[in-house]
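Subject: Structure for your review

Dear colleague,

Please find below the structure that I promised to pass on to you. My notes on what was found follow directly after it.

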Amino acid sequence: MAGAATAADDSLVEYGFRRVIITITAVLCALLEIVDTTIVNVALNDMRGTLGATLTDVAWVITAYAIANVIVIPMTSWLSMQFGRRNYFAASIIIFTVSSFMCGNATNIWELVAFRFIQGMGGGALLVTAQTIITESYPAAKRGMAQAIYGMGVIVGPTLGPPLGGWIVDNYSWGWIFYINVPLGIIATILTLMFVKSPKYGEKLKANQVDWWGIVFLATFIGSLQFVLEHGQQDDWFEDHLIIALSIVSLFGLLAFIWRELVYKHPIVNLKVLNDSNLRIGTILCFIMGFGLYGSTFIVPIYTQSILGWTALDAGLLLIPSSLMTAFMMPIIGQMIQRGVPQTYMVATGFMIFFGFTFWMFSIMTPDTGSEHMFWPLILRGMGLGLLFVPITTMALSTLKGKSIGEGAAFTGMMRQLGGSFGIALISTFVTRFTQTHRVNLVSHEQVTNFAVQQRVQQLTAGFMSKGYSVSEATAKAYKAMEGAVMKQATVLSYMDVFLYLGILFLICIPFILLVKQGKNKVDMSDAMH
């Protein structure tokens with residue numbers, strides 16, 4: 001049996017030109033999927049105007065994609081075995097590409113939302129399957145490097161979305177953020193069918209053996225949870241009846257899903273793989289890494305646009321050096337893993353560096369901070385993410401064997417995405433709540449009877465009167481300007497709080513890394529589907 005498995009593994013290893021093409025194809029597909037999670041953010045206002053949608057309606061363009069994405073990710077291992085990995089991967093690219101074209105052609109908001117959901121169904125498969133295809137194409141001695149190559153796409157992708165989307169919207173129309181996927185998707189499909197191989201699988205399940213209830217419970221749990229996370233803040237969380245109802249549905253969906261997967265003979269997701277302690281800790285660390293990756297990618301552009309008055313394109317470009325640093329770090333990390341440097345040391349160092357980034361941002365944030373002040377903290381962010389992604393993934397999978405590795409990879413991918421959803425939801429909530437608290441505190445120190453406040457009001461009033469306003473108009477505008485300044489300062493203080501708490505979260509993680517057993521550094525991902 002061992003010999004047969006080894007022979008099967010070796011048959012998937014590629015060399016020379018074929019391996020280069022497979023690597024480019026898989027990274028391209030992973031990038032397409034991840035870029036599409038963030039590229040629409042800067043186009044939402046244009047979509048609202050063109051499609052005549054409200055802000056709540058247009059938010060579904062993001063929500064629908066995210067829900068479909070997270071539902072599919074944990075099922076990718078099972079679906080690959082049912083249809084063959086190459087066929088499933090090619091079909092997913094085709095679904096993603098066709099739905100991208102339909103998104104660009106949408107004539108109303110709900111048509112766009114429907115096609116975004118279908119796009120997310122196709123895109124969710126691309127992440128985990130691309131990771132497995134890349135890793136299987138490399139011999140065991142180079143699989144740490146393979147993980148690093150894949151990691152470049154996953155880390156760089158979220159950062160490329162906003163500047164690319166901003167440039168497209170500024171120069172063309174929002175439809176082109178979807179149309180650019182079409183030629184790339186066609187090329188990726190052709191290359192997949194020509195070069196990617198499928199491992200040999202056992203007997204496929206019959207229709208009456210498929211875990212249909214498991215699929216229903218998973219979709220109910222993840223779909224409801226994702227909606228709550230995406231819409232909780234704008235709907236005032238548990239003050240809204242729909243949020244309460246979906247939170248209850250999500251909880252019962254989770255309990256039903258766990259029960260079903262533990263008792264059914266052919267589960268859609270093998271929960272028993274979580275008996276491995278390294279994978280349990282690794283999935284938690286992936287969740288926290290997603291929290292930091294997507295959370296910081298969310299908060300930095302919001303801060304620069306709402307406080308500093310930058311354009312969407314400038315805000316997106318600010319994050320590019322950070323991503324380039326991560327891309328530069330990835331091959332170095334891959335080499336370190338292959339040389340036997342313990343992943344626990346690298347992960348602990350990565351968390352410490354990320355804490356350094358958050359504390360640095362906490363200390364420099366003002367209403368007038370410039371790009372030159374944020375350049376080096378963001379470079380530090382790139383270093384920290386580079387030290388986290390590949391070591392956490394290999395550490396989580398290092399004590400697994402056989403097809404459990406593919407199942408474990410699906411869990412780490414899902415938890416990274418969920419971590420991002422939780423991060424964005426909690427950060428937007430905290431910013432709103434902290435801003436209200438800081439505003440109350442600042443106003444209490446700015447009484448009208450205060451001499452400095454009176455002086456500032458007089459200066460502003462004089463300035464408005466010099467522009468031709470009457471005394472009463474100028475005074476009203478002066479107080480309004482003071483209120484605006486207070487609100488701006490309160491928002492900055494709330495962003496500072498978020499960065500501080502993010503840093504504390506990463507510091508707390510470091511002791512838990514010591515609980516991880518040191519497994520083999522060279523994870524044999526080619527066992528994943530056998």
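**Lys488 and its surroundings**

The side chain of Lys488 reaches out to the backbone oxygen of Ile307, at 3.4 Å. This is a polar contact, meaning a pair of N or O atoms within 3.5 Å; within protein, one atom must be able to donate a hydrogen and the other to accept it, and residues adjacent in sequence count only if both atoms are side-chain atoms. Please note that the model is predicted: local features need pLDDT of at least 70, side-chain atom pairs count only at pLDDT 80 or more, and totals for chains, interfaces and linings use all residues. Residues are numbered from 1 along each chain as its sequence is written, and side-chain values use heavy atoms, with hydrogens and water left out.

Lys488 belongs to helix 20 (residues 471-513). Helices (H or I, at least four residues) and strands (E, at least two) are DSSP runs, numbered from the N terminus. With 34% relative accessibility, Lys488 is classed as partly exposed; buried means under 20% relative accessible area, exposed over 50%, and partly exposed in between (1.4 Å probe, protein chains only). Leaving aside neighbours within four places in sequence, Lys488 is in contact (heavy atoms within 4.5 Å) with Ile307 and Pro367. The C-alpha atoms of Lys488 and Ser306 are separated by 8.9 Å, although these residues are 182 apart along the chain.

**The chain as a whole**

The protein chain has 20 helices and 0 strands. Of its 530 residues, 55% are buried. Among contacts between residues at least 6 apart in sequence, 84% join residues at least 24 apart.

**Helices that pack against one another**

How do helix 16 and helix 17 cross? The axes of helix 16 (residues 343-364) and helix 17 (residues 371-397) come within 8 Å and cross at roughly 155°. That makes helix 16 roughly antiparallel to helix 17. The crossing is left-handed, and the residues of this contact divide into 21 nonpolar, 8 polar and 1 charged.

Several terms here require explanation. Axes are lines fitted to C-alpha atoms, for helices over the stretch in contact, and angles run from 0 to 180 degrees between N-to-C directions. Angles under 35 degrees count as roughly parallel, over 145 as roughly antiparallel, 65 to 115 as roughly perpendicular and the rest as oblique. A crossing is left-handed if the near helix is turned anticlockwise from the far one by less than a right angle, and right-handed if clockwise. Ala, Val, Leu, Ile, Met, Phe, Trp, Tyr, Cys and Pro count as nonpolar, Asp, Glu, Lys and Arg as charged, and the others, Gly among them, as polar.

Helix 17 also meets helix 15 (residues 320-338): their axes come within 8 Å and cross at roughly 35°. This crossing of helix 15 and helix 17 is right-handed, and its contact has 15 nonpolar, 5 polar and 1 charged residues.

Helix 16 has a further partner in helix 13 (residues 277-306), with an angle of about 30° and axes 13 Å apart. Helix 13 is therefore roughly parallel to helix 16. Helix 13 passes helix 16 in a left-handed crossing. Leu285, Ile288, Gly292 and Ser296 in helix 13 meet Val347, Phe351, Phe354 and Phe357 in helix 16. By class, this contact has 6 nonpolar, 2 polar and no charged residues.

**Buried positions**

Tyr65, in helix 4 (residues 55-72), is buried, with a relative accessible area of 1%. Its side chain is joined to that of Glu33 by a polar contact of 3.0 Å. The C-alpha atoms of Tyr65 and Thr37, 28 residues apart along the chain, are separated by 7.4 Å.

The side chain of Thr192 reaches the backbone oxygen of Ala188 at 2.8 Å. Residues up to four places away in sequence aside, Thr192 touches Thr25, Arg86, Phe89, Ala90 and Ile93.

Helix 5 (residues 76-83) is largely enclosed by the rest of the structure, because 6 of its 8 residues are buried. These are Thr76, Ser77, Trp78, Leu79, Ser80 and Gln82. Gly84 follows helix 5 and has a positive phi, near 90°.

Yours sincerely
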